[in-house]
Amino acid sequence: MIQSTEQSILDTHYMARAIELARNGLYTTHPNPRVGCVIVRDGQIVGEGWHVRTGEPHAEVHALRAAGELARGATAYVTLEPCSHHGHTPPCAEGLISAGVARVVAAMQDPNPEVAGRGLKRLADAGIEVRSGVLEADARALNPGFLKRMEHGLPFVRVKMAMSLDGRTAMANGESQWITGPEARSAVQRLRAQASVVLTGADTVLADGARLTVRGPELGLSPELTALALSRPPLRVLIDGRLRVPLDAPFFKAGPALVATCVPPAEQYRTGPECLVIHGANGQVDLRKLLQALAARGVNEVLVEAGPRLAGAFAEQGLVDEYQIFVAAKFLGSTARPLLELPLTHMSEAPLLKITDMRAVGDDWRVTAIPVPSASV
């Protein structure tokens, strides 16, 4: 159906509000997508909702409950195609039909094979006017991990790094606290909170006594969002090919963890953290297989906080979707440790990046960059 210019403007306006609502679930919906819904009747918003966490009502349910009888004849704006299958909750497409909505506008089709257009078709078959693709790019940006897991069987991988202006991450003796200031560290806490998994390596845990937990007071969120974020902490994953980290390390004392290794776990590990044996070349954990195993567990987003060797391995194997680089206005000197260990010899081998965002964070800078695919790929 051809949309009038006025209707298209209104659709964009209300979908922007639905996307704003969906962002409230940034820290809690894993493994589900972040979804918002707005119900409009006679030019007025009569119901709003967003998905909070898996197992609880979807965004459409919250919005329909708020709208009540006013949903009949209204338009529902949803950031993701309404589901058509029974999962933890009943299908939302049926809920919209039962409520008597006249029109449904979706930002995008759901890539989940259990939905994948069936929800929109079910609505259309019931006589509801359907439109899809409104602010689709914004909707996709809400759920990069869910989309990548559904489309490619892998989670979305962010690599977080902090460096000096001369590209160094720690002094030669390993001292690294603190390169950046409190505002940058708060931003890192929010990155941890929104991740499904925070992943590190044995070298980082042994050198820094790293715990990689989410620290509520440092999140810089409202009390409500802080409580939600802390209610669903990310799974902490340690890559320890030879099981070098002792079980009394702060990392293990901080809560549940998963250890990816190449060797059978010793007796003491059988009552300790879960171990996942993933053999790779040269006695190292196969990173791609690990990511596939995590995706099979419903992991959407992985935040890598590791030293230059492991971070470099993710980069070298083409497994990084996004870099979050925090840059401090200081020099650490030529003997300090580099940002990444990459075995490059020629300039032509240098991976290309596209900077998508750069902004001040307190006294530091935050650079968001994504790899540019090679022309030969």
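**Figure 1. Arg 215 is in contact with Gln 189 and Arg 192, leaving aside its neighbours within four places in sequence.** Contact here means heavy atoms within 4.5 Å. The structure shown is a predicted model, in which local features need pLDDT of at least 70 and side-chain atom pairs count only at pLDDT 80 or more, while totals for chains, interfaces and linings use all residues. Residues are numbered from 1 along each chain as its sequence is written, and side-chain values use heavy atoms, with hydrogens and water left out. Arg 215 lies in the loop between helix 8 (202–208) and helix 9 (223–231); helices (H or I, at least four residues) and strands (E, at least two) are DSSP runs, numbered from the N terminus. Arg 215 counts as partly exposed because its relative accessibility is 30%, where buried means under 20% relative accessible area, exposed over 50%, and partly exposed in between (1.4 Å probe, protein chains only). In an unreviewed UniProt entry, the annotation "binding site" covers Arg 215 together with Ser 176, Arg 192, Leu 212 and Glu 305. UniProt positions follow the numbering used here, feature names are shortened, and annotations may be inferred rather than shown by experiment.

**Figure 2. Glu 305, another residue that the UniProt entry annotates as "binding site", is buried.** This residue sits in the loop between strand 12 (301–304) and helix 12 (308–316). Its relative accessible area is 7%, and therefore Glu 305 is classed as buried. Beyond residues up to four places away in sequence, Glu 305 touches Lys 160, Val 188, Arg 192, Val 198, Leu 199, Thr 200, Thr 204 and Leu 212. The side chains of Glu 305 and Arg 192 are joined by a polar contact of 2.6 Å (a pair of N or O atoms within 3.5 Å; within protein, one must be able to donate a hydrogen and the other to accept it, and residues adjacent in sequence count only if both atoms are side-chain atoms).

**Figure 3. Glu 60 carries the UniProt feature "active site" (unreviewed entry).** Helix 2 (residues 59–67) contains Glu 60. With a relative accessibility of 3%, Glu 60 counts as buried. Not counting residues up to four places away in sequence, the residues that Glu 60 touches are Cys 37, Val 78, Leu 80, Pro 82, Cys 92 and Leu 96.

Figure 4. Tyr 27, His 30 and Arg 34 supply 39% of the area that domain 1 buries against domain 2, more than any other three residues.

**Figure 5. Polar links join domain 1 and domain 2.** Eleven residue pairs are in polar contact between the domains (both at pLDDT 80 or more). Two salt bridges are counted between the domains, each a side-chain nitrogen of Lys or Arg within 4 Å of a carboxyl oxygen of Asp or Glu. The side chains of Arg 140 and Glu 151 form a salt bridge at 3.3 Å, N to O.

**Figure 6. Asp 248 is an exposed residue.** Its place is in the loop between strand 9 (235–239) and helix 10 (250–253). Asp 248 counts as exposed because its relative accessibility is 52%. Cys 262 is 14 residues from Asp 248 along the chain, and their C-alpha atoms are separated by 20 Å.

Definitions and conventions. Buried area is the accessible area (1.4 Å probe) that two parts lose on being put together, summed over both.
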